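Here's a quick briefing to read with the model open beside you.

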Amino acid sequence: ADLHLVKAELVTRIDAIIRQRRLTQADAARLLGLTQPDLSRLLRGRFRDYSVERLLRLLMALGRDVRIVIKKTRSQRRGMMRIEAA
């Protein structure tokens, strides 16, 4: 479940950047190395077949730096994954 939520957050960021840059799906797809139908499916929530790494590469293609930080939890509980955007 954690991984699915991380992927959903990454796709949300990809969608926001595309909208912010006012790219058409066709233009964004070309920039990302995808077909327009594949990008459309991704943005509609069909991202099961995409790895987190691939989604991160899409963000980099959109001009974003990606930083992965691994740190100790504040308590003895299980660690968690989360996405932060600057």
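This is a predicted model: local features need pLDDT of at least 70, side-chain atom pairs count only at pLDDT 80 or more; totals for chains, interfaces and linings use all residues.

Are α1 and α4 roughly parallel or roughly antiparallel to each other? In it, α1 and α4 pack at an angle of about 15°, and since angles under 35 degrees count as roughly parallel, that is the label the pair gets.

**The overall picture**
- The protein has 4 helices and 0 strands, so reading from the N terminus you simply get α-α-α-α.
- The chain has 86 residues, and 24% of them count as buried.
- Take the contacts between residues at least 6 apart in sequence: 64% of these join residues at least 24 apart.

**α1 against α4**
- Besides that angle of about 15°, the pair has its axes 10 Å apart, and α1 passes α4 in a left-handed crossing.
- On the α1 side, the contact is made by L3, V6, K7, L10, V11, R13, I14 and I17.
- Facing them from α4 are V52, L55, L56, L58 and L59.
- Sort the residues of this contact by type and you get 11 nonpolar, no polar and 2 charged.

**α1 against α3**
- Helix α1 spans residues 2-20 and helix α3 spans residues 36-43.
- These two pack at about 120°, with their axes 10 Å apart, and are therefore oblique to each other.
- α1 brings V11, I14, D15 and I18 to the contact, while α3 brings L39, L42 and L43.
- By type, the residues here split into 6 nonpolar, no polar and 1 charged.
- V11 and I14 turn up in this contact, and V11 and I14 are also listed for the contact of α1 with α4.

**The nonpolar core**
- The largest nonpolar core has 19 residues, and those with the most contacts inside it are I14, I18, L32, L39, L42, L55 and L58.
- Each of α1, α2 (25-32), α3 and α4 (52-61) supplies at least two residues of this core.
- The top contributor is α1, which gives 6 residues.

- Is I17 buried or exposed? Its relative accessibility is 6%, so I17 counts as buried, the cut-off being under 20%.
- I17 sits in helix α1 and touches L59, L62 and R64, not counting residues up to four places away in sequence.
- A85 lies 68 residues from I17 along the chain, and their C-alpha atoms are separated by 11 Å.
- L5 is also placed in helix α1, but L5 is exposed, because its relative accessible area of 59% is over the 50% cut-off.
- L5 and T73 are 68 residues apart in sequence too, and here the C-alpha to C-alpha distance is 19 Å.

Methods
Residues are numbered from 1 along each chain as its sequence is written. Side-chain values use heavy atoms; hydrogens and water are left out. Axes are lines fitted to C-alpha atoms, for helices over the stretch in contact, and angles run from 0 to 180 degrees between N-to-C directions. Angles under 35 degrees count as roughly parallel, over 145 as roughly antiparallel, 65 to 115 as roughly perpendicular and the rest as oblique. Contact means heavy atoms within 4.5 Å. Ala, Val, Leu, Ile, Met, Phe, Trp, Tyr, Cys and Pro count as nonpolar, Asp, Glu, Lys and Arg as charged, and the others, Gly among them, as polar. Buried means under 20% relative accessible area, exposed over 50%, partly exposed in between (1.4 Å probe, protein chains only). A nonpolar core is a set of buried Ala, Val, Leu, Ile, Met, Phe, Trp, Tyr and Cys residues joined through side-chain atoms within 4.5 Å. A crossing is left-handed if the near helix is turned anticlockwise from the far one by less than a right angle, and right-handed if clockwise.
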